[in-house]
Amino acid sequence: VIIYIDWGQNSYGAANANDPAGWQQPLRFYCDDDTIDVIPISFLTHFFGVGGEPQINLANYCNSVDNGTFPDTNLADCSSIAPDIKYCQSKGKLITLSLGGATGGVGFSTDISAIEFADTLWNQFFGGTSNIRPFGDADLDGIDLDIEGGGPNHYVAFLKQLDTHFKTSTKKYYVTAAPQCVYPDANLQATLDGYPFDAIYIQFYNNPCGLQNFNSPSQWNYGTWDIWARTISPNPDVKIYIGAPASITAAGGGYVTASTLLDIAKKTRDNFPSFGGIMFWDASQARQNNRIDKFIKDGLSSGKKCDNSFVFPECKDPAFVQGNNYMVGTKVAYNGYIWTPKWWTATTPNGSINSDWSATISIPATSTTTSTSTTTTTRTSTTTTTAKWSRTSTYTGGMKVVYNSVAYKAAWWSLNEAPDNNTGAWVKLTSCFKLVARSVDCKHARWTGSRTYTTGSKVIYKGSVYIASSLNNVSYDEYRYGIRAHN
């Protein structure tokens, strides 16, 4: 399980101006243990600032007011952070660049401007070359979109152009996003539907669908995002991270205690194959809140799988029956999920934004297509729904029916023989089945450049497990784990 935590905005300092000892520390400070896996530097706040160049603001560590800027621009020279970036990368951390934030000046007017901006970022922050390098010769590991305004257009063109640059390098780069939990996201949904992201870090805070409403089917909507990940996203292996405030002062709403968050994380991990880990806002808040990041990482350590496999939960709930009325609290199995109604309903479960149902557990799909949109074609195959048993119908061996919310298959010819009469004419079926995937416990140590490894040693490096083929030589990827890399 991967822990993602933002650095750059000194959230604790903003909420606790009189406690400078707890303010944001240098980047390398957060890289000295195995808790945090991904650190986005937040934020690049303006795409086209003074002189047509971007602008970055890293609060108390680098900004255009307290630090020098490049000539004829308002882009801060933060090259002093380069050694910290390289240090964290040497510890196996992914250091990415986060674009946007709540108050940024972002957005594109045309595909051409988006493509030109991608070229600028490649040359200034990644593997390209430029006289303007805000982080010196440090080469970041990817990009994160935290777009909360400025319009939703032209981001796919931007990412596709950036991807052409990424593919010229042997280095692996990652592309992620941080949408609001409200589905569909007003600023990012078109981009999420049009580009194969490696992971999305959903902000389950400052929204009605936040963590504070986990036990409310009419509000909590992780299941909707799981449906998106598995049926709409161009990358069917995209991972979803639960975004959480790292303390009560980190957000306006959505904070839950560490033990409550761990319980939510475990349930989500065990119920949905899309789960990837936890995102915290932000590093300074987590450190001051009794290391909530470490508490969650340690609590999720048992049961994690280096090969990213998933064991579908056993289904014990009855099949959905067309035409039945369902009350709040009931559960039914239908089309790859266990559903519970948000309120009284007689409608068919589906993942649309106007659905009366909430998907609570993922199971192997056995019936009709589920979609989060009435107009989107999904990857799930479509079959017909099993009909209700009728006393006036004739049935032959192999035919399937639903009787009292339970599925049955005919053993032989019958007429007016109720499926539950124990005559042997009918065989009771489960409404879904249990699928067990290959599972590999992930108990290996994180790789470090300061150690010597013998042949056969196993280590974790940037979300994968490697085996040393010779002395101090990490050779090949054994099991994929975490967000998928661009190659």
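Analyst: A residue is called buried when its relative accessible area is under 20%, exposed when it is over 50%, and partly exposed in between, with a 1.4 Å probe and protein chains only. By this criterion, 53% of the 487 residues in the protein are buried. The model is predicted, and local features therefore need pLDDT of at least 70, side-chain atom pairs count only at pLDDT 80 or more, and totals for chains, interfaces and linings use all residues. Residues are numbered from 1 along each chain as its sequence is written, and side-chain values use heavy atoms, with hydrogens and water left out.

The secondary structure comes to 9 helices and 21 strands, taken as DSSP runs numbered from the N terminus (H or I of at least four residues for helices, E of at least two for strands). Contact means heavy atoms within 4.5 Å. Among contacts between residues at least 6 apart in sequence, 62% join residues at least 24 apart.

In general, an α-helix has 3.6 residues a turn, so residues three or four places apart point the same way.

Within helix 2, C88 counts as buried because its relative accessibility is 0%. Leaving out residues up to four places away in sequence, C88 touches L27, R28, C31, K93 and I95. C88 and D37 are 51 residues apart in sequence, and their C-alpha atoms are 9.7 Å apart in space. Helix 2 is followed by G92, whose phi is positive, near 85°.

Elsewhere, Q285 belongs to helix 8 (residues 283–288) and counts as buried because its relative accessibility is 1%. Beyond its neighbours within four places in sequence, Q285 is in contact with S11, Y12, A15, A246, S247, T249 and A250.

Helix packing can be followed at helix 7 (residues 258–271) and helix 9 (residues 292–299), whose axes come within 10 Å and cross at roughly 35°. Axes are lines fitted to C-alpha atoms, for helices over the stretch in contact, and angles run from 0 to 180 degrees between N-to-C directions. The contact is made by A258, S259, L261, L262 and K266 of helix 7 and by I292, F295, I296 and G299 of helix 9. By class, this contact has 6 nonpolar, 2 polar and 1 charged residues, where Ala, Val, Leu, Ile, Met, Phe, Trp, Tyr, Cys and Pro count as nonpolar, Asp, Glu, Lys and Arg as charged, and the others, Gly among them, as polar.

Turning to the strands, two of them pair if DSSP finds at least two bridges between them. Strand 1 (residues 2–5) is covered on both faces, with I2 and Y4 buried on one side and I3 and I5 on the other. Strand 1 runs parallel to strand 9 (residues 275–281), and 4 bridges join them; Y4 has M279 as its bridge partner in strand 9.
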